[in-house]
Amino acid sequence: MQVVVVGGGASGMISAIEAAKNGNIVTLIEHNDKLGKKIYITGKGRCNLTNLCSPADFLSNVVTNSKFLYSAIYAFPPQRTIEYFKDLGLETIVERGERVFPLSNKSSDVTKALSNELNRLNVKILYNTEVTSCKVFSNKVVSLNTTTGIVLCDSVILACGGVSYKATGSNGIGYKIAKMLGHTIIEPKPSLVSFNANGCCELEGLSLKNVTLSLIAPNGKIIKSDFGEMLFTSNGISGPIALTLSAYANRLDLKNYKLVINLKPALSINQLTERIKREILLAPKKEIKNILLTLLPERLVKVVEKQSEISQTIANSLTVAERDRLVNTLQNLSFDCLGLASIDQAIVTSGGVAVKEIVPQTMQSKLIPNLYFAGEIIDVDALTGGFNLQIAFATGYLAGQQKQS
């Protein structure tokens, strides 16, 4: 059987490997001049392959359509990914948060391991080639028109990725092909991306640890909170906890939403109040800004004073109302949310081919019998920590389980 895989990323390579193992003649089409271009930049160049947690815990980190992935993650769980790469000669190491990396700390070694296996299995690779359209006969894709000629097929696996990180080749062509073939495309949105917000420019470059960031709706509802590290940018807020919140925010109209930071989440209101009172008693003649320097980085002091609406400058002149506002600000430093950064800056794409049109046990299209999907092209996405690459490997593995008839 002639199997054509469109896309030479993580899901495409493993799809092609599995299809070849099952006795098929496989052609892999990649529009870049090399495979795995996005893999090279994942995990800051180290490639966070997967997350060594149970399938149930894994699915709890999937933000969009986790139920759809049940079969894929149980068929090809994180432990299987580690074993799979070990068989390909790639040793791994497990780090904080159960994140799995190549022992060599080189993302290029991941791509090399997959590429070597493709070569061993005699998979034909067409580089610098892009699919432009498909010919369908009797409700089956029979050929692909490409920029370098026509490619015949008995089966097609679309593993073209999303539209984030366009420099890696993610240009959305897979969505266009799927739509040509009758599939519904859920509008692509940025996920794992920074927020744009007002009032952050003067704090650019300031990193905060052990804080809680919350996305608050206009009605006061907390959409999502996360604890950890964040970073102010010239345009807003980034860092690990901001990226997590973005995954829950990308399908919302963020007009009038707020990003709220609890700068002292380990302290209750009463404890923080007593701390402020104690600092004032110890140095009643100090300026308020110097009292705040015992609690905050210097660059935050002015912002906290402004949001607290403090008119006094000397500590023992602080009124009870001002002190209470100060405590409230320390636990609710607020910035107006302007939306998310562009999808080109996002780590992954949220959206894609609607899962209701895909068989979850095989990744086969419910509309076109010989059409399959794998990876980011599907409307599934997860949090940071190796979860999205594991989705690529697991869905690619299932899509490649096609037996030669």
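1. In this predicted model, helix α4 (residues 78–87) packs against helix α12 at an angle of about 80°, and their axes lie 10 Å apart. Because angles of 65 to 115 degrees count as roughly perpendicular, α4 is described as roughly perpendicular to α12. On the α4 side the contact involves Pro-78, Arg-80, Thr-81 and Phe-85, which meet Gln-390, Phe-393 and Tyr-397 of α12. Sorted by class, the residues of this contact are four nonpolar, two polar and one charged.

2. Helix α12 (residues 387–399) also packs with helix α1 (residues 10–21), here at an angle of about 30° and with the axes 7 Å apart. That angle makes α1 roughly parallel to α12, since the term applies to angles under 35 degrees. The crossing of α1 past α12 is right-handed. From α1, the residues in contact are Ala-10, Ser-11, Ile-14, Ser-15 and Glu-18; from α12, they are Leu-389, Ala-392, Phe-393, Gly-396, Tyr-397 and Ala-399. Seven residues of this contact are nonpolar, three are polar and one is charged. Phe-393 and Tyr-397 are named in the contact with α1, and they are named again in the contact with α4.

3. The model has 12 helices and 23 strands. Its C-alpha atoms fill a box of roughly 85 × 40 × 35 Å along the principal axes. Of its 405 residues, 54% count as buried. Among contacts with a separation of 6 or more, 73% are accounted for by residues 24 or more positions apart.

4. Six strands form a closed barrel in the order β13-β16-β15-β14-β17-β18, with antiparallel pairing. From one strand to the next, the twist averages 45°. Phe-195 has Ile-237 of β16 as its bridge partner.

5. Two helices pack on this sheet. Helix α7 (residues 240–249) touches β13, β14 (207–216), β15 (222–232), β16, β17 (258–262) and β18 (333–340), and its direction makes about 150° with that of β15. Helix α11 (residues 320–331) touches β17 and β18, with its direction at about 105° to that of β17.

6. With a relative accessibility of 27%, Lys-224 counts as partly exposed. Leaving aside residues up to four places away in sequence, Lys-224 touches Leu-213, Ser-214, Leu-215, Leu-245 and Tyr-248. The C-alpha atoms of Lys-224 and Leu-213 are separated by 8.4 Å, and the two residues are 11 apart along the chain.

7. A second sheet is open and has three strands, ordered β3-β6-β5 with antiparallel pairing. Strands β3 (50–51) and β5 are at the edges, where each has a single partner strand, so one side of each is left without a neighbour in the sheet. Strands β3 and β6 run antiparallel and are joined by two bridges. In this pairing Thr-50 stands opposite Val-100 of β6. The pairing of β5 (residues 92–95) with β6 (residues 99–102) is likewise antiparallel and extends over four bridges. Here Thr-92 is opposite Pro-102 of β6.

8. The turn between β5 and β6 deserves a separate remark. These strands form a hairpin with three residues between them, and Gly-97 in the turn has a positive phi of about 75°. Glu-98 lies in the loop between β5 and β6. Although Glu-98 is not a glycine, its phi is positive, at about 65°. The relative accessible area of Glu-98 is 37%, which makes this residue partly exposed.

9. Asn-122 is another residue that has a positive phi, of about 60°, although it is not a glycine. It is placed in the loop between α5 (107–120) and β7 (124–126). At a relative accessibility of 66%, Asn-122 counts as exposed, because the term covers values over 50%.

Note on methods. Residues numbered from 1 in each chain as written. Predicted model: local features only at pLDDT ≥ 70, side-chain atom pairs only at ≥ 80, totals over all residues. Heavy atoms only, no water. Axes fitted to C-alpha atoms, helices over the stretch in contact; angles between N-to-C directions. Parallel < 35°, antiparallel > 145°, perpendicular 65-115°, else oblique. Left-handed = near helix turned anticlockwise from the far one by under 90°. Contact = heavy atoms within 4.5 Å. Nonpolar A, V, L, I, M, F, W, Y, C, P; charged D, E, K, R; others polar. Pairing = 2+ DSSP bridges. Buried < 20%, exposed > 50% of the residue type's maximum accessible area, 1.4 Å probe, protein only.
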